[in-house]
Amino acid sequence: MSLLKPFSKLPGLNTASILLVESEEQFQLRLADALVEESNVTVNVRLAKSLPLPMEHEVTRPRIDLVVFIINLTSELSFQSAEASLKYLDPGYFLGKVCFMVTNARNASAPPERLDAVRKLAASLHCALLFAEDETPDGVTNATERLLTILKVAAGLVPMATALYLSNLTRCTMPSDLDQPSFD
């Protein structure tokens, strides 16, 4: 059980690696299939239910350029798993190489307090917070396009742009009145 470090390995040429972390694996597999179809860049997709990653594959594991925590708002376990996994990431990842993707935000059964908790978590870590529709093929395609944009920058494949610069543009910020009930 060691920390996952962003700069412990050398990058590959025209290659980007992404780690999708989701406890329930519903959206994760469809998103992974869509990411692999990218033609301009070789995208390595790694899947995990939670962190830490197993030690036995550490030697063959590529450098992870972006870690995406997929959180299903209708599941408390999904949020708790993502929150518990954060401690297994090296602080260097929080310089633009971590983002949160939320699904089922429009679902009536998703408590607004959980969305507020995810927003607070993303804001406290200065990470991007993306929303995705996981029920439709268009939603998966849109989520894939957004992730590929962030992944290419995080992997260093976009000239004159860095992950830290992009994270300053896309990070989640919290309004000062968040302690008040939302969506009233």
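The largest pocket holds about 220 Å³ of space. A pocket here is an open set of points on a 1 Å grid over the protein atoms alone, where a 1.4 Å probe fits, with protein on both sides within 12 Å along at least five of seven lines. This is a predicted model, where local features need pLDDT of at least 70 and side-chain atom pairs count only at pLDDT 80 or more. Residues are numbered from 1 along each chain, and side-chain values use heavy atoms, leaving out hydrogens and water.

**The largest pocket**
- Its lining (residues with an atom within 4 Å of a point) has 18 residues, and the closest to the centre are Leu3, Leu4, Lys5, Glu58 and Arg61.
- By class, that lining has 11 nonpolar, 2 polar and 5 charged residues.

**Helix H2**
- Helix H2 (a DSSP run of H or I, at least four residues) spans residues 76-85, and its buried residues (under 20% relative accessible area, 1.4 Å probe, protein chains only) are Ser78, Phe79, Ser81, Ala82 and Ser85.
- They sit on the same side of H2, because they cover an arc of only 165° around the axis.
- That buried set packs against strand S3 (66-72) and helix H3 (112-124).

**Lys5**
- Lys5 comes in the segment before strand S1 (15-21); strands are DSSP runs of E, at least two residues.
- At 46% relative accessible area, Lys5 is partly exposed, a label for values between 20% and 50%.
- Leaving aside residues up to four places away in sequence, Lys5 touches Asp90 and Tyr93, with contact meaning heavy atoms within 4.5 Å.

Key: Points joined across faces, edges and corners; volume = space filled by probe spheres on them. Nonpolar A, V, L, I, M, F, W, Y, C, P; charged D, E, K, R; others polar. Arc of directions from axis to C-beta.
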